[in-house]
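Work through these exercises with the model open beside you. Try each task before you read its solution.

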Amino acid sequence: MSTTDAPKKPRETDDVPVPATLRKSLKNRHIQLIALGGAIGTGLFYGSSESIALAGPSILLAYLVGGLAIFAIVRALSEMSVEDPKAGAFSYYATCYWSKRAGFISGWNYWFNYILVSMVELSVVGSFVNYWFPAIPTWVSAAVFLVIICAANLLGVSKFGEFEFWFAIIKIVAVIAMIIGGLAVIIFVLPTASGVRASFANWFTVGNGFFPNGLMGQNSDGSWTGLLMALVVVMFSFGGTELIGITAGETEDPKTTIPRATNDIIWRILVFYIGALGVIMAVVPWNTIDGKSSPFVQIFDSVGIHAAAGILNFVCLTAVMSVYNSGLYANSRMLYSLAKQGNAPAYLGKLNSRGVPVAGVLTSAAITAIAVVVVFVWPEFAFNYLMSIATIAGIINWTMIMLTEMKFRKVVAAGGAPEDSELAGLSGQEALDAIHFKLPFAKVTPWVVLAFLALVVVLMCFSTSYRIAVIAGVIWLAILFAAYQITQAKR
């Protein structure tokens, strides 16, 4: 480890207090599984049925295209994280290489985004618990899990890493088991409940083929469907992969671990999204996946394994806990970083003896608890409006990462690299060439990704359920700009 369990005091100055520091305690296995677990959640287990209904088998292309965009976004973030590993990641980088306003907007946008995501996850945890214990009130389940995860985060970053490691293992085993089970059905030509022989040929022969709804089309009820509309659903399935950058400030060896975890994103997407859904649609005809149950349950039900619903319920429960565990960790570090930038109250920048920003953990947990109460009291308002902001906040976050990466490269080329970086003292193309973990085709890639994200926003306007998110996003950005101006005026 690069830092010891307790900060050492300078010789002959034992009366001088030494400030606590963040601990670089996250090991390679933690980062690998945190990154992997961040891409596997209830969006895959349940939300994939919505995307399949929109695009049919061509949804595999949507996940591939969206996955490439997410890979580029995380590569851009990792480029900065490897050279300058700091807590708060993109908020810190936006402040350092762009402007204090950009850091304020980036940090608070991400913090609020995860508050809302955590709110939704905690509000539904009761439904999973009620599967086995229907008498337990849903608010009790939410309160219990909030306290458990909060306590785990207060124990230190290594404990957070262990929790995420085992949460991710459970999800990975579940997906791999489904893929192996599905392949067995295909290879051994086992009978299925639908009566349709399991085969990859079903992608092209069932329900008007591979592109049943084309690139984009309109249904009789006026709703839009097709491959492009599925991109909107697909992109939000990848939320959380940027957590790799947040962990950089507490990673033992970021120059080795962060690039490895980032590069592995591609095969994770290929296996756990494209591979899993490809097998599902080979076994279960895609036009029978109606969203009433998870497609993962349907594939096991189709071959007579009816315990799958209970198993998946357990997996989804751990997925929900994983999302909140990651959200609380990310939010506490973001508040810590914002405080160090001068963009949040100073008390949020204090650490305990374990290197944990306790105030950030407790503040985020308290706000989340209030948000959960709002869900239980006004569920329609919470899901229709607050989640709309969370939806667009993800797009804002990814956009600012790409813009910040371009600013970072300009600063590096001008000789402004971090003093403790190997780039210090270099400038121009020499400095850019010395970047340890470069974003591929860095002159073009950011613009391609930004154009893609803009396309997703335009497509959101065609969907009744997502259109409100675009409007909310404009209002939300205006609020953040106004909040920054107000805080600066007060100072």
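**Exercise 1: A serine and its contacts**

Leaving aside neighbours within four places in sequence, serine 337 is in contact with Ala87, Gly88 and Tyr92; contact means heavy atoms within 4.5 Å. This is a predicted model, where local features need pLDDT of at least 70, side-chain atom pairs count only at pLDDT 80 or more, and totals for chains, interfaces and linings use all residues. Residues are numbered from 1 along each chain as its sequence is written, and side-chain values use heavy atoms, with hydrogens and water left out.

Task: Find the helix that holds serine 337, then decide whether serine 337 is buried or exposed.

Solution. 
- Step 1. Serine 337 is placed in helix α15, residues 308-341. Helices (H or I, at least four residues) are DSSP runs, numbered from the N terminus.
- Step 2. Apply the cut-offs: buried is under 20% relative accessible area, exposed is over 50%, and partly exposed is in between (1.4 Å probe, protein chains only).
- Step 3. Serine 337 has 3% relative accessibility, so it counts as buried.

**Exercise 2: Two aromatic pairs**

Task: Classify the pair of tryptophan 108 and tryptophan 111, then the pair of phenylalanine 163 and phenylalanine 167.

Solution. 
- Step 1. Rings of Phe, Tyr and Trp (its six-membered ring) pair if their centres lie within 6.5 Å; planes under 30 degrees apart are stacked, over 60 edge-to-face, and the rest tilted. The structure has 21 aromatic pairs.
- Step 2. For tryptophan 108 and tryptophan 111, the ring centres are 5.3 Å apart and the planes stand at 85 degrees, so this pair is edge-to-face.
- Step 3. Both tryptophan 108 and tryptophan 111 are buried. They sit three residues apart in helix α6 (residues 100-130), so about one helical turn separates them.
- Step 4. Phenylalanine 163 and phenylalanine 167 are also edge-to-face, with 5.9 Å centre to centre and 70 degrees between the planes.
- Step 5. These phenylalanines are four residues apart in helix α8 (residues 157-187), again about one helical turn. Phenylalanine 163 is partly exposed at 29%, whereas phenylalanine 167 is buried at 8%.

**Exercise 3: Positive phi in loops**

Task: Where do valine 189 and phenylalanine 441 lie?

Solution. 
- Step 1. Valine 189 lies in the loop between α8 and α9 (202-205). Its phi is near 50 degrees, positive in a residue other than glycine. Valine 189 is partly exposed at 42%.
- Step 2. Phenylalanine 441 is in the loop between α18 (428-433) and α19 (445-460). Its phi is positive, near 50 degrees. At 71% relative accessibility, phenylalanine 441 counts as exposed.

Methods. Helix = DSSP H or I, 4+ residues; strand = E, 2+ residues; numbered from the N terminus.
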